[in-house]
Amino acid sequence: MRNKLIFGAAVLLLAACGGEYTPRTGDLLFQLTAAEGMTDAIVAATERGGAVTFSHVGIVEATAGGAFVVEAVDTSVRRTPLGEFLARSARRGGRPIAAVGRVRGADSTVVRRALRRAHERLGLPYDDEFLPANGKLYCSELAWECFVAADDSTHLLRSRPMTFRTADGELPAYWAEHFAALGMPVPEGVAGTNPNDMAHDPAVEIVWRYYDE
């Protein structure tokens, strides 16, 4: 934990000096988490042939006391210190594989409401079923729910039919075993989101990368 706090302090110090990303409330922080079962399965189903396939996303909250990321991770929606969030990233050249996205057209009203919605969802369980409107949330579903137009009429981020299959149509063993353990069919084709598609959404502008491309 001490190393995580030191890492977070270093990030914020660099930001203050102008050499790094300065946290801004309402930004989306995309991340490739260190390799593990779900990460590998997400990447296999969502990679686009690019250099990086993101497996996780959270919403940045900048405060006078430091920067945080509101995220759906592990078991619940929680508010995580930025340094701790980045410490979970895979690395390239010693730097976290993480990128900052900004929602186009998200003015101060939209951002304020998005953060309020995110806070209202703190403590909700993680959605390991990957289903809409079930009282649970997975990471990109949280971002999708929170960013709504100022008139509350439309979501600013798109959803689309999900696939859990690789590009060649195979279902990774991880997903087959995951949903079998839940006693439910794979929700193939159900409307949803994923971090990598969200990072490439026309509504999202990537404004900073912690790593070199």
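## Salt bridges

A salt bridge here is a side-chain nitrogen of Lys or Arg within 4 Å of a carboxyl oxygen of Asp or Glu. The model is predicted. Side chains of opposite charge can pair when their charged atoms come close.

Take Asp27 and Arg102. Their closest N and O atoms are 2.8 Å apart, and the two form a salt bridge. Asp27 sits in the loop between helix H1 (2-17) and strand E1 (28-31), while Arg102 belongs to strand E7 (residues 98-103), so the bridge ties together parts 75 residues apart in sequence. Asp27 is buried, at 1% relative accessibility. Arg102 is partly exposed, with a relative accessible area of 23%.

## A second bridge and a network

Glu71 and Arg88 also form a salt bridge, with 2.5 Å between the closest N and O atoms. Glu71 lies in strand E3 (residues 66-73), and Arg88 in the loop between helix H3 (82-87) and strand E5 (91-92), so this pair links parts 17 residues apart in sequence. Glu71 is buried, with a relative accessible area of 0%. Arg88 counts as partly exposed, at 25% relative accessibility.

Glu120 pairs with Arg121 in another salt bridge. Here the closest N and O atoms are 3.9 Å apart. This pair is part of a network: salt bridges with shared partners join Arg116, Glu120, Arg121 and Glu145. Glu120 is exposed, at 54% relative accessibility. Arg121 is buried, with a relative accessible area of 17%, because buried means under 20%.

## The sheet

In what order do the six strands of the open sheet run? The order is E4-E3-E2-E1-E7-E10, with antiparallel pairing. The edges are strand E4 (76-81) and strand E10 (204-209), each of which pairs on one side only. From one strand to the next, the twist averages 30 degrees. Strands of a sheet pair through backbone hydrogen bonds, either parallel or antiparallel.

Strand E2 (residues 56-63) pairs with E3 over five bridges, in the antiparallel sense. Thr63 stands opposite Gly66 in E3.

## Strand E1

E1 is paired with E2 and with E7. Four bridges join E1 to E2 in the antiparallel sense. Leu29 has Gly58 of E2 as its bridge partner. On the E7 side, four bridges join E1 to E7, and these strands run antiparallel. Gln31 stands opposite Ala98 in E7.

In a regular strand the side chains alternate between the two faces of the sheet. In E1, Leu28 and Phe30 point one way. Leu29 and Gln31 point the other way. Are these residues buried or exposed? All are buried.

## Helices on the sheet

Helix H4 (residues 108-120) lies across E2, E3 and E4. H4 runs at about 110 degrees to E2. Helix H5 (residues 139-146) also packs on the sheet, where it touches E1, E2, E3 and E4. The direction of H5 makes about 55 degrees with that of E2.

H4 and H5 pack against each other too. Their axes are 8 Å apart, at an angle of about 135 degrees. That angle makes H4 oblique to H5. The contact is made by Ala114, Arg117 and Ala118 of H4 with Leu142, Glu145 and Cys146 of H5. The crossing of the two helices is right-handed.

## Arg117 at the helix contact

Arg117 is found in helix H4. Arg117 is buried, at 10% relative accessibility. Which residues does Arg117 contact, leaving aside neighbours within four places in sequence? They are Glu145, Cys146, Val148 and Asp152. Glu145 and Cys146 are among the H5 residues at the H4 contact. Glu145 is also a member of the salt-bridge network.

Arg117 and Phe147 are 30 residues apart in sequence. Their C-alpha atoms are 8.6 Å apart in space.

Conventions. Residues are numbered from 1 along each chain as its sequence is written. This is a predicted model: local features need pLDDT of at least 70, side-chain atom pairs count only at pLDDT 80 or more; totals for chains, interfaces and linings use all residues. Side-chain values use heavy atoms; hydrogens and water are left out. Buried means under 20% relative accessible area, exposed over 50%, partly exposed in between (1.4 Å probe, protein chains only). Two strands pair if DSSP finds at least two bridges between them. Axes are lines fitted to C-alpha atoms, for helices over the stretch in contact, and angles run from 0 to 180 degrees between N-to-C directions. Contact means heavy atoms within 4.5 Å. Angles under 35 degrees count as roughly parallel, over 145 as roughly antiparallel, 65 to 115 as roughly perpendicular and the rest as oblique. A crossing is left-handed if the near helix is turned anticlockwise from the far one by less than a right angle, and right-handed if clockwise.
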